[in-house]
Amino acid sequence: MRTLLEVEDLRVDFTVGAHGRRRRLRAVDGVDLVVREGEILGLVGESGCGKSTLARTLVGLQAPSGGRISLGGDLLPRRRPAAVRKRIQMIFQDPGSSLDPRHTVREALLAPLRVHRLADGAGEEARVRELMGLVELPERLLDAKPRSLSGGQRQRVAIARALAVEPDVLVADEAVAALDASATGAILNLLADLRTSLGLTVVFISHDLSVVRGLCDRVAVMYLGRVVELGRTAEIFARPRHPYLQALLAAVPRVGAPIAAPPLEGDEPPSLLDPPSGCRFRTRCPAAFDRCVTEEPALVTRGGALVACHLADRC
Ligand code: SF4
């Protein structure tokens with residue numbers, strides 16, 4: 001599969017007030033990622049690890065502080081014109097908040113077609129009905145408003161609206177986190193089907209390892225703004241090499257259980273305002289040793305995965 005989306009040394013900073021001072025918080029710190037055409041890449045990690053900031057930066061909702069994002073070989077500008085923005089679309093955790101409650105499903109689907117001048121006249125209605133078919137919603141719901149839809153139906157409308165502009169990449173940020181188990185399974189099946197039928201490329205962000213395991217071709221694990229392990233899903237779930245991923249998997253023995261605070265040194269990750277020296281994971285790592293305090297581990301290839309740990313050779 002060819003590379004479709006490429007992220008190089010991406011950094012995203014925020015300025016926050018802390019103890020009466022304004023300080024820099026680096027939410028994404030030097031992330032390199034490649035997303036291949038037609039794959040579903042999972043991004044996992046605890047709350048605050050930077051995965052949602054990375055997602056918002058990919059779609060252009062957040063400006064990067066440094067680094068590069070390329071799509072199909074084209075470097076994406078910091079300020080993206082509409083023709084560029086439509087190439088990467090996003091769906092969110094709560095489709096209820098991203099759909100205008102005053103608009104019917106038909107109006108929600110017509111809006112992107114009109115903004116991007118993708119259909120007119122009879123073509124609009126035909127395209128709207130085609131989109132309903134793509135997300136397996138009955139056409140009788142076209143005149144419904146979001147409040148009369150279930151959570152799963154609202155998420156299908158959000159997906160249809162994102163697909164209306166025929167994006168190259170769909171970024172799904174916790175897209176099933178607010179759904180019950182039945183609706184979650186249905187939306188995951190829909191995304192898998194759309195990947196097959198449309199050749200859709202998806203970046204799927206989740207805190208739920210079992211969801212990622214069932215859907216994604218490859219998985220990137222983030223900790224405190226950085227990728228610490230990346231590889232094929234079957235490979236890294238069968239043989240997690242980074243102590244953080246090992247801990248996450250140990251904390252999620254049951255299918256469907258979300259990532260809990262891992263059984264590590266300290267319940268919470270350190271603050272991004274004061275990340276630890278050396279390896280950022282060292283304050284919670286049961287295997288930390290002297291070198292981890294002073295030297296940051298690089299992401300290196302080990303056994304088909306990329307791992308950022310000084311002990312990667314022993315894995
Ligand atoms: Fe643990 Fe050290 Fe590896 Fe970091 S580099 S994960 S602290 S062993």
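Which residue stands opposite Phe-204 in S8? Ala-172 does. Before the rest, some housekeeping. The model is predicted, so to speak of local features we need pLDDT of at least 70, and side-chain atom pairs count only at pLDDT 80 or more, while totals for chains, interfaces and linings use all residues. Residues are numbered from 1 along each chain as its sequence is written, and side-chain values use heavy atoms, with hydrogens and water left out.

The labels H and S are for helices (DSSP runs of H or I, at least four residues) and strands (runs of E, at least two), numbered from the N terminus.

Now the sheet. Strands S7 (169-173) and S8 (201-206) pair in the parallel sense over 5 bridges; pairing takes at least two DSSP bridges. Both belong to an open sheet of 8 strands with mixed pairing, in the order S6-S7-S8-S3-S9-S10-S12-S11. S6 (88-91) and S11 (300-302) are at the edges with a single partner strand each, so one side of each has no neighbour in the sheet. From one strand to the next, the twist averages 25°.

Helix H6 packs on this sheet and touches S6 and S7, contact meaning heavy atoms within 4.5 Å. The direction of H6 makes about 170° with that of S6; angles run from 0 to 180 degrees between N-to-C directions, and axes are lines fitted to C-alpha atoms, for helices over the stretch in contact.

H6 (151-163) also packs with H4 (105-115), at about 25° and with axes 8 Å apart. That makes H4 roughly parallel to H6, the term for angles under 35 degrees. The contact involves Val-105, Ala-108, Leu-109 and Pro-112 of H4, and Val-157, Ala-160 and Arg-161 of H6.

Key. Angles under 35 degrees count as roughly parallel, over 145 as roughly antiparallel, 65 to 115 as roughly perpendicular and the rest as oblique.
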